Amino acid sequence: MDNELGAAAVLNANDPADWFERNLRSLFEAVLAQLPNAIEPFQTDGIHDMRVAARRLRSALRDVDSVVGGRPAKPALRALKELADALGSVRDEDVAIEAIEDFLDDPDAAKVRTGIDSLVHARRVRREAAFHALCEKLSVDFQQFLRHRFETSLESLVAELRLTRSGDIQAIGSEVVGSLLDELEPLLVLLYDPFDRKTLHIARIGTKRIRYAIDLFADAFGSDAGSFSKEFARMQGFLGDAHDRDVWLADLYKLIRAKKRSESNGDEEIKAAEWLTSEFTKIRTRKYRDALGLLSEWESTGLVARLRGLLTVKV
């Protein structure tokens with residue numbers, strides 16, 4: 001995340017409530033700034049960018065919620081969840097289509113090309129329906145609803161911060177990131193089970209939350225914070241790629257089972273699904289191995305301990 005306020009803003013923010021208000025407003029406006037690109041029919045990057053902006057805002061709101069307690073951010077988080085679901089329905093199809101089409105240059109894919117084209121077409125149909133639903137969701141009325149929910153939550157959050165918190169942003173940031181580390185650290189050893197897909201998914205989300213929190217408080221932590229954010233981004237990427245394949249493999253299994261049970265003519269799709277199952281399994285294994293390799297690096301370099309050390313250093 002580009003820290004628009006810069007270091008001077010952190011140093012001048014004697015009141016945490018003012019600092020959070022400015023940053024949360026900036027994150028909210030970043031979400032709406034992506035709207036024109038998101039509703040362009042063939043602008044897949046716009047969907048991705050708006051989804052990431054919404055994720056960063058949701059993560060920041062949860063961070064402040066954890067500081068003040070009582071869940072004052074709940075109205076905004078619920079509205080943002082609606083937006084995230086609509087964006088995700090489109091983006092998930094975009095990612096799957098791109099991953100499947102990446103195989104089209106593979107000579108071995110020629111024998112199942114007809115089936116692959118059929119599977120891609122089915123996803124494009126779902127993508128079109130999801131995009132239509134997204135455009136309806138992003139109406140002027142919903143934008144006003146979203147802003148109202150955000151302003152309501154922000155007012156409550158700022159009021160709670162003024163009543164309950166004093167001190168500096170670095171102390172609050174250290175508390176937030178430290179708490180997220182406490183949640184993630186027990187999961188890391190569980191990553192060695194390649195078939196515990198639920199834990200892999202939860203760990204992916206955990207690494208993303210820590211990365212976003214480090215980015216949010218980066219100026220308060222100093223110049224070393226960026227290297228830790230990059231490490232968690234790498235792990236998030238490996239686990240995310242593995243998780244995507246887990247989802248697609250489950251989809252392919254359901255399709256094969258349904259086709260084999262029916263009397264419909266789906267031999268070409270079955271062959272393509274069988275071939276894709278093999279290819280996605282190979283990639284999933286590679287990405288999982290990459291995640292374990294990175295975890296080994298973290299253990300040998302004491303990354304978690306070093307990050308905890310950074311949280312205790314006064315900048």
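F20 and F217 are both buried in this predicted model. Their rings form an aromatic pair, with 6.0 Å from centre to centre and 80° between the planes, which makes the pair edge-to-face. F20 belongs to helix α2 (residues 16-33), while F217 sits in the loop between α9 and α10 (218-221). The two are 197 residues apart, and the pair links distant parts of the chain. Ring pairs also bring in W19 and F221, so that W19, F20, F217 and F221 make up a cluster. In total, the structure holds 10 aromatic pairs.

The next topic is salt bridges. The structure has 26 of them. One joins the side chains of E93 and R126, with 3.4 Å from N to O. E93 counts as buried because its relative accessibility is 10%, and the cut-off for buried is under 20%. R126 has 42% relative accessibility and therefore counts as partly exposed. Both residues also belong to a network of salt bridges that contains E93, R123, R126 and D251.

Another salt bridge joins D241 and K287, with 3.5 Å from N to O. D241 lies in helix α11 and K287 in helix α12 (residues 267-301), so the pair ties together parts that are 46 residues apart in sequence. D241 is partly exposed because its relative accessible area is 25%. K287, with a relative accessible area of 19%, is buried.

R234 is partly exposed, at a relative accessible area of 34%. E231 counts as buried, at 19% relative accessibility.

A buried residue can have a polar contact too. S153 lies in helix α7 (residues 140-164). Its relative accessibility is 0%, so S153 counts as buried. A polar atom of the S153 side chain lies 3.5 Å from the backbone oxygen of A73.

R71 is in the loop between α4 (44-68) and α5 (74-101). Most residues other than glycine have a negative phi. R71 is not a glycine, yet its phi is positive, at about 55°.

What do V189, L190 and Y192 form on the surface? The three residues form a nonpolar patch, and together they have about 270 Å² of accessible area. V189 is placed in the loop between α8 (169-188) and α9 (197-216). V189 counts as exposed because its relative accessible area is 55%, and the cut-off for exposed is over 50%.

Terms used. Residues are numbered from 1 along each chain as its sequence is written. This is a predicted model: local features need pLDDT of at least 70, side-chain atom pairs count only at pLDDT 80 or more; totals for chains, interfaces and linings use all residues. Side-chain values use heavy atoms; hydrogens and water are left out. Patches are made of residues with over 30% relative accessible area and no salt bridge: like charges are joined within 9 Å, nonpolar side chains (Val, Leu, Ile, Met, Phe, Trp, Tyr) within 5 Å. Accessible areas come from the Shrake-Rupley method with a 1.4 Å probe; for residues, only the protein chains shown count as cover. A salt bridge is a side-chain nitrogen of Lys or Arg within 4 Å of a carboxyl oxygen of Asp or Glu. Helices (H or I, at least four residues) and strands (E, at least two) are DSSP runs, numbered from the N terminus. Buried means under 20% relative accessible area, exposed over 50%, partly exposed in between (1.4 Å probe, protein chains only). Rings of Phe, Tyr and Trp (its six-membered ring) pair if their centres lie within 6.5 Å; planes under 30 degrees apart count as stacked, over 60 as edge-to-face and the rest as tilted. A polar contact is a pair of N or O atoms within 3.5 Å; within protein, one must be able to donate a hydrogen and the other to accept it, and residues adjacent in sequence count only if both atoms are side-chain atoms.
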